[in-house]
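Here is a friendly walk through a structure with two chains in it. Keep the picture open beside the text and look for each part as it comes up.

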Amino acid sequence: MKAGFKPGEMQIESNEREDALLKRSAKGDERAFTELYRRHQPPLFRFAVRMTGSSWAAEEIVQDVFMMLVREPKKYDARRGTLGAFLYGVARNRIMKHLERTPRDVSLDEKGEAGQEAHPQLHEQMTPARWAELRERRGQVRAAVLELPPEFRETVVLCELEEMSYDEAAHALDCPVGTIRSRLHRGRALLLAKLEMLREVPKRANVGRG
Amino acid sequence: MNCEEFAIAGLDLGSAGGDDLLKKAAREHLRECHHCAALHENWLALREDLRVLGAETAEAQAPSRVELRLRQEFRSKHKTIKTQRTAVVFAWSLGAAAALFCAFTWANWRVHKDESLAKTTTKVVPTAASLENPSQGPQGGTPVGSELGEVLVASNASGDFTLLPGSMPPAPEDATVVRVQMQRAALGALGLTVNEEHAGDWIQVDLLVGDDGLPQAVRLPQSGREEESVR
């Protein structure tokens, strides 16, 4: 999408510091705000989609997060962390509120914005039976993720789907790395249990289960 | 490494980074424990599923309508702020201008008031001659009549005032000389003797008015006195 800015407006350097962009944005520079939005919107949207399972909800959440940045930019304190972490925190709160309102909003047939399936290329490479099997499996995994308790789900989403390191996830969720480790461990175990994989695992002989 | 430790740390075997010693111990445990080997295999399969799931939404972005709405909100917010600032500046300017105008008007009014007071009134110092002889009547007959109310400029050059009956000599700084035109008969109301033949004549009289606003003494100006003596 073309921004359509006036010729006299300042140019944005791609590596311009975020605090400078934020200052300019707070003073009414629309380009600076748009740059901030474009930098931070994709991961936040993905996080929201993966947490809620609904692109409509994710859209609303992302809009809420940036609306807060428009209306109350002073809520962000640079001394307390990066803007990205701050926005993640705000998005996380919005997601939790959304999940409280609609705790079982699980969509197995997630469609893209234009209404098409998310991965149409799979149609071309597989037989219908294999495609149906994979599609079912994918649906089960997605449902299992969405059924995880929120605190485990967000850790699984960040570390497994978003492929963040433990440190990055801890930074984004504003909690210690140890908490991330333990939540991830529990999240993985719950996922395996939900997908009934553990049934295929032979009974342990050497140690008791703790 | 036992099964519990493997369940916590061993599932990270495939991921980059981490403690090499721990990974080595996990691999050794995998070779020995079929349960953990099966768990690990299941986890790898699930991890692959999760990666596929992640890849599905890897390029996901908020639709462009969100950006449009946000930019619209941004514009309207900052336009409102600018309007508010302009309104505040205008209001302060207007207030300051009004205050300046009021101050200027008041100062002007004060100056004009002082000037007019200086012109219309003068402090008089009654002379000892006039004040020592309070019972002395007005020079040559006495007028009577109603005041016309016209205030003329009086002079305190001469000090021959006649104290009205019952009046005390006023302090010089409290007395004011006021020149009025009145009928001679009006002097009778002030307690002076009036020549009845000329009671209807209009004469000029200087009144020495005390700070209570009542006349304390009268004086006939020079011309009036000459005329009076003729009569």
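Two strands pair if DSSP finds at least two bridges between them. Helices (H or I, at least four residues) and strands (E, at least two) are DSSP runs, numbered from the N terminus.

## Before you start

This is a predicted model, in which local features need pLDDT of at least 70 and side-chain atom pairs count only at pLDDT 80 or more, while totals for chains, interfaces and linings use all residues. Residues are numbered from 1 along each chain as its sequence is written, and chains are lettered from A and ligands numbered from 1 in the order in which they are written.

## The sheet of chain B

Let us begin with the strands. Strand β3 (residues 202-209) of chain B pairs with strand β4 (residues 215-219) of chain B in the antiparallel sense, over four bridges. Within this pair, B:Asp206 stands opposite B:Arg219, and B:Leu207 has B:Val218 as its bridge partner. β3(B) and β4(B) form a hairpin with five residues between them. In the turn, B:Gly213 has a positive phi of about 85 degrees.

β4(B) also pairs with β1(B), through two bridges and again antiparallel; here B:Thr162 has B:Val218 as its bridge partner. In what order do the four strands form the open sheet? The order is β1-β4-β3-β2 (chain B), with antiparallel pairing. β1 (162-163) and β2 (176-183) stand at the edges with a single partner strand each, so one side of each has no neighbour in the sheet.

Is β4(B) mostly covered or uncovered? A residue is buried if 20 or more other C-beta atoms lie within 10 Å of its own, exposed if 12 or fewer, and partly exposed in between, with C-beta atoms placed from the backbone. β4(B) is mostly covered, as four of its five residues are buried.

## The two chains overall

Chain B has seven helices and four strands, and along the sequence they follow the pattern α-α-α-α-α-β-β-α-β-β-α. Of its 231 residues, 26% are buried. Chain A has nine helices and zero strands, and 31% of its 210 residues count as buried.

Two residues are in contact if their C-beta atoms, placed from the backbone, lie within 7 Å. Taking contacts between residues at least 6 apart in sequence, 74% of those in chain B join residues at least 24 apart; for chain A the figure is 60%.

## Two helices crossing in chain A

Two packed helices are described by the angle between their axes and the distance between the axes. Axes are lines fitted to C-alpha atoms, for helices over the stretch in contact, and angles run from 0 to 180 degrees between N-to-C directions. Helix α7 (residues 150-161) of chain A and helix α9 (residues 177-194) of chain A have axes that come within 8 Å and cross at roughly 95 degrees. That makes α7(A) roughly perpendicular to α9(A) (angles under 35 degrees count as roughly parallel, over 145 as roughly antiparallel, 65 to 115 as roughly perpendicular and the rest as oblique).

Among the residues making this contact are A:Phe152 and A:Val156 of α7(A), and A:Leu184 and A:Leu190 of α9(A). The residues of the contact divide into seven nonpolar, two polar and four charged. Ala, Val, Leu, Ile, Met, Phe, Trp, Tyr, Cys and Pro count as nonpolar, Asp, Glu, Lys and Arg as charged, and the others, Gly among them, as polar.

## Where the chains meet

The contact between the chains takes 36 residues from chain B and 44 residues from chain A. On the chain B side, α1 (3-9), α3 (34-56) and α4 (64-120) each supply at least two residues; the largest share, 14 residues, comes from α3(B).

Helix α6 (residues 128-147) of chain A packs with α3(B) at an angle of about 90 degrees, with the axes 10 Å apart. There, A:Arg137, A:Arg138, A:Val141 and A:Arg142 meet B:Asp49, B:Leu50, B:Val52 and B:Leu53.

## How confident is the prediction?

pLDDT is the predictor's confidence in each residue, from 0 to 100. Chain A averages 77, and 74% of the residues score at least 70. Over residues 1-12 of chain A, pLDDT stays under 50. Where pLDDT is low, the predicted coordinates should not be read in detail.
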